[in-house]
Amino acid sequence: MPRPPLQLPGLFREIVSTVVFVVAVTVLFDLAIPRSLVDGHSMEPTFYGDDRLVVSRIHYLLGSPERGDILVFNSLVPRESERGIMLIKRVVGLPGERVELRDQQIYIDGEPLSETYIKEACGIMRCADQIWLLGDDEYFMMGDNRNNSRDSRRFGAVPLSKIVGQVVLRYWPLASIEMIPN
């Protein structure tokens, strides 16, 4: 018995429906769980250039960033060429705290901050003594590679309104897939 011929209008409709569905799911996924690409060396040794990350917007709907969280946020640099760029840094100071750099050591409200994740000790030229008093919705952000990071030491505290979300997963390179703890 011969097979019935394909109905081209039905096949075309099925292909178009499938393509529209895939595009819609991709767009919704990107809105809810954006992806980010690491560009540069400021977060070494935690992340390296070309690492690909998943960022959760949901983490801060019910809570607030905590010290040690790795966040993606919109750049605060006023230069036109850098508007719209997202940065990735670690939360060092929380709202209402006093962040101090003294003798290349970070102090939070007068207490030294223990940091096991940094690449190397901060050089005297990169970590000059300075004090920042954080407002009610401001976070002090720093890269893990302190000697090669443009962070809150340069552009100041980051308001909560500029935070996109928390990094939760590295999915590329494949050999480095992992959930990211805070």
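How many aromatic pairs does a search of the whole structure find? The search finds two, counting rings of Phe, Tyr and Trp (its six-membered ring) whose centres lie within 6.5 Å. The model is predicted, so local features need pLDDT of at least 70 and side-chain atom pairs count only at pLDDT 80 or more, while totals for chains, interfaces and linings use all residues. Residues are numbered from 1 along each chain as its sequence is written, and side-chain values use heavy atoms, with hydrogens and water left out.

Select Trp-132 and Phe-140, whose ring centres are 4.6 Å apart with planes at 50 degrees, so the pair is tilted (planes under 30 degrees apart count as stacked, over 60 as edge-to-face and the rest as tilted). Both Trp-132 and Phe-140 are buried, meaning under 20% relative accessible area with a 1.4 Å probe and protein chains only, where over 50% is exposed and in between is partly exposed.

Go next to Asp-51 and Arg-170, which form a salt bridge with the closest N and O atoms 2.6 Å apart (a side-chain nitrogen of Lys or Arg within 4 Å of a carboxyl oxygen of Asp or Glu). Asp-51 lies in the loop between strand 1 (35-37) and strand 2 (52-56) and Arg-170 in strand 11 (residues 163-172), so the pair ties together parts that are 119 residues apart in sequence; strands are DSSP runs of E, at least two residues long, numbered from the N terminus. Both partners, Asp-51 and Arg-170, are buried.

Then select Asp-144 and Arg-90, whose side chains meet in a salt bridge at 2.8 Å, N to O, and which are both buried.

Terms used: Helix = DSSP H or I, 4+ residues; strand = E, 2+ residues; numbered from the N terminus.
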